[in-house]
Each structure stands twice: as structure tokens, then as C-alpha cells.
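Here is a short briefing to read alongside the model. It starts with the ligand surroundings and then turns to a sheet and the helices packed on it.

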Amino acid sequence: MTKNVPASDASDAVEPDTTSRSLTRRTLIAGGVAAAGALALAACAPVGPSPISTGAAGGTVRKITPPRLDTAYLGEKVLCYRPMRRGAPNMSVETVGSQVIGHNYGHGGSGWTLAPGTAKYVVDLVEDTEQGKAFSKGEPVTVVGAGVIGLFTAYELVQRGYSNITVMSEKFDKLTSHNAGGLLAPVSMDNAPEIQAIIDKVGIDAYRFYAAVAKGEQPDFEGGAKIVPSYFETRDESGLEAYVGQVMEPAKDVVVDFGNGTTRNMVVYDDGIFMDTAVMMQELHDYLDAHVTFVEKKVANFADLSSTIVFDSAGLGSGALNGDAEMVSVQGHLIMLKDQVPADMEYMILVYFKEGHTEAGQKVKRSLYVFPKHLPGTGPNDIGVVGGTCVEGGTPETPNLSEFETLLQGAKDYYGIA
Ligand SMILES: Cc1cc2nc3c(=O)[nH]c(=O)nc-3n(C[C@H](O)[C@H](O)[C@H](O)COP(=O)(O)OP(=O)(O)OC[C@H]3O[C@@H](n4cnc5c(N)ncnc54)[C@H](O)[C@@H]3O)c2cc1C
């Protein structure tokens, strides 16, 4: 059986940018991933030939009932923007006068995957400085930004006994961190070998945290993460092989049977983790409400803050705060699903399609993912999200709305829905 893939242009393949890059305006960055400025890091998913394959091969058969994708079952269409830093996320510490700034931004499409681990990593870096060692945990600390990175940084600080924490943020609601899909997989990065060890360490730490939440072993969180099978076309495309043997079991080769004549050869990690992002954001707020002060304010300059220790987790806003020319917005399109059969949605799938150009002439890396996302306050059957675009440089001025249709058609083709 042959299936169509979404309209794309194979000749549009994006070459990873391997030119060396300048770091931030200030020069005191040390001990962090940002120092690897010459690394190649693609803004989104791995790029390759169209990987759609059909027909049975070796492997156990797994039956999956496709989601309902007719118009009546589609919910809100969401546009959001990944804070991607070309070269590497900035996980580093900088001293400016008497102020110590722990930078933690630019994780692109893997911010959720890394958040609890990257928060620990940067808090460690700050505590290792002279000022960090001399700091009393009752002195004021400011966390700039209230996305998943800022909230997990605040959570980590509370765990370590800091008692005077302010989370200062321009916005608290409807952030990229609420909109994100929720797959645990460091798939949106294409790191050079010297960075990969740190990303893997941080990711494995994060996996441990979410696994504890999913198993009910994390007393501060009632939900927000669960273990579900995660399907990919190849082990490499999952980005999870470094986790196998550390925290995950090996993937299995399977044939996924959609029950409508369409089958796909896939690999599955049965201990994949889904983060229900909006739910987890709510849980983080619920926990932090009792421990930190939230202040709604846009920070124009770190020097305006009176605290000696500052954590810079402003996502795309960190680009402006640091004059960081390597920061880029990577647009994503998501379609929420409704009136589904919850039992049919207990899995995640990620497959890559070919690259193309959007109606605004921007390069788009197209993929399909389906996760069991559930927004707080919606009905019990309003489960599922379909997503898959990465438009580097995409902003609200270039919404590229026809990508929603392309995405939906790609999903129908993939599942074999007429
Ligand atoms: C479509 C899509 C799907 C995704 N799916 C996944 C996924 O499946 N798995 C995964 O791991 N990741 C995923 N991501 C990526 C993930 O959402 C991001 O990496 C992550 O949310 C970034 O978190 P953040 O805290 O850095 O940024 P944000 O959530 O953008 O938060 C930044 C915060 O900083 C504040 N701020 C900005 N500027 C200032 C300023 N000057 N002063 C004060 N405050 C400021 C903002 O108001 C906000 O509160 C996805 C992203 C998108 C767009």
C-alpha cells in the first residue's frame, strides 16, 4: 500500500549551520554549554528522506485505533514558538559586577524534556561560584521567566532550602510551555558530540524526575506525567538511545496495525514519558504558590534587579535581554482533539516528513506527532493533540496558517484515514 505524504519539496533540504558563532554580548560566560558556540545544532527535528513506510515486516503486531480526525473532532488550533538557541542552549553562569546570572534558555523543542535536569544543572553552576558559595539561602534570588524552565528552577531552589525567591515574569499564562506537546525525547536538537554528553545527563536526570511523578513517587505532584508507549520510525530518530540501560529499556521492533488496512513498521519504547504540559504547569504553580513570590513584570535589564543571584529563564525574551543573536523563534502548529475515546489515545507517535516551504516562504520541517494531551477544565474525552511543524524564524507576523491543513492531511495519510 502506498500513502501520500504532505506536500513538500525534497530539494529544500536544510544544511545544518556549522559556521562558528559569537556568544553573548558580555564575555564572562563560563562553565556552561553556551561556550560551545561553534557547534552545529539544527533548529528542529532530524532531517532525512521521507520515512513513511508501509506494510508488515518483522516484529510483534501492535493494534492502534486511529484518532478521530473529522472536523467535528478538532478543537482549538494553536500557534506557538519554541525558544531555540543556535549552537546550543545557554546553560551557563555569568558574573557581572557583584551579580551572578545563571542562564538557562534556548532549549528549542526539548525544553520540557530537559527542564527538571537543566534547572539542577544551572543551579549547580551558580552554587559553584564564589558568590554562590558565600550566599545565604535567606537572601533574595530572582528567577526571570515563568515558563517550564523558570518554574522548575524555582522548584529546585525551594528543594535546596532557598527561602526568598521571586519569580518575575512578563506573562504567566498561555505560554509556549503550556502549549507544548509533551513528548519526552531530545529530538529537536542536533548536537555536536562535545555537547551531547551534557544534554544526555540533563535529560536522564529529567527522565528520573518525571518517571517518579508518573509512578506516584513524587509527593509534590499528583499527576502531569505518565508512562506510555512512544513510537518512532527508527531508534536514532527518538534521541533516546543514550537513555537505554540508564533509565529506559531497549526499544522493540513492532508492526503497528491501524485496523483499516494500514500498517507501519515502527520501534516502540514502552517506558516513554508523556508530560501533560498544561497540567504540570498548574501543578508547579500550585506547589510554588506556597513557597515563592510571583511578580508580573517585564525585566529590561538584569542590572535593574536588586538580588545578587538571578536565573535567566525568559525563553525567547532572553535573546533580547542578553543581546543574543543566536536566539531564534521556531514556530509550531498544533491542533487539539476532542470527543476522542480516551483508551485509544494512550500512546505517542512521532514521524518525520520532508521539508518544504510555507506560504510565507519560510523553511518548514514537517512531522507528525500525536500525544494524549488534556487541557485542565476540558471534558474527559477532549484528549489528544496533533502537531508537527517547525518553522525556523516563524513569528506571529507569519502565521503560515495553511500548515494546519497540511498537518491534518499528513495525519490522515499516515493513519490511512480516507
Ligand atoms: C508546538 C510546540 C511543541 C512542543 N513540544 C514539546 C515536546 O513535546 N517536548 C518538549 O520537551 N518540548 C516541547 N516543546 C518545547 C518547549 O515547549 C519549550 O522548549 C519550553 O516550553 C521553553 O520553556 P521556557 O521556560 O524556556 O520558555 P517559555 O515557556 O516561553 O517561558 C518564557 C517566560 O519568560 C517570560 N519572559 C520573556 N521575556 C521576559 C522579560 N524580559 N522579563 C520577564 N519575563 C520575561 C515569559 O513571559 C514567560 O513567562 C514544544 C514547543 C512548541 C512550540
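A residue counts as near a molecule or strand if its C-beta atom, placed from the backbone, lies within 6 Å of it. Of the 41 residues around the ligand, Gly111, Gly147, Gly315, Gly317 and Gly332 come nearest. Please keep in mind that this is a predicted model: local features need pLDDT of at least 70, side-chain atom pairs count only at pLDDT 80 or more, and totals for chains, interfaces and linings use all residues. Residues are numbered from 1 along each chain as its sequence is written.

**Around the ligand**
- Elements giving two or more residues to the shell include β2 (74-85), α1, α3 and β12 (327-337); helices (H or I, at least four residues) and strands (E, at least two) are DSSP runs, numbered from the N terminus.
- The largest share of the shell, 4 residues, comes from β2.

**The sheet**
- Six strands form an open sheet with mixed pairing, in the order β3-β4-β11-β5-β6-β10; two strands pair if DSSP finds at least two bridges between them.
- β3 (90-96) and β10 (293-296) stand at the edges with a single partner strand each, so one side of each is left without a neighbour in the sheet.
- Strands β5 (residues 141-144) and β6 (residues 165-169) run parallel and are joined by 4 bridges.
- Within this pair, Val143 stands opposite Val167 in β6.

**Helices on the sheet**
- Helix α3 (residues 148-159) packs on the sheet and touches β4, β5, β6 and β11; contact means C-beta atoms, placed from the backbone, within 7 Å.

Terms used
Two residues are in contact if their C-beta atoms, placed from the backbone, lie within 7 Å. Axes are lines fitted to C-alpha atoms, for helices over the stretch in contact, and angles run from 0 to 180 degrees between N-to-C directions.
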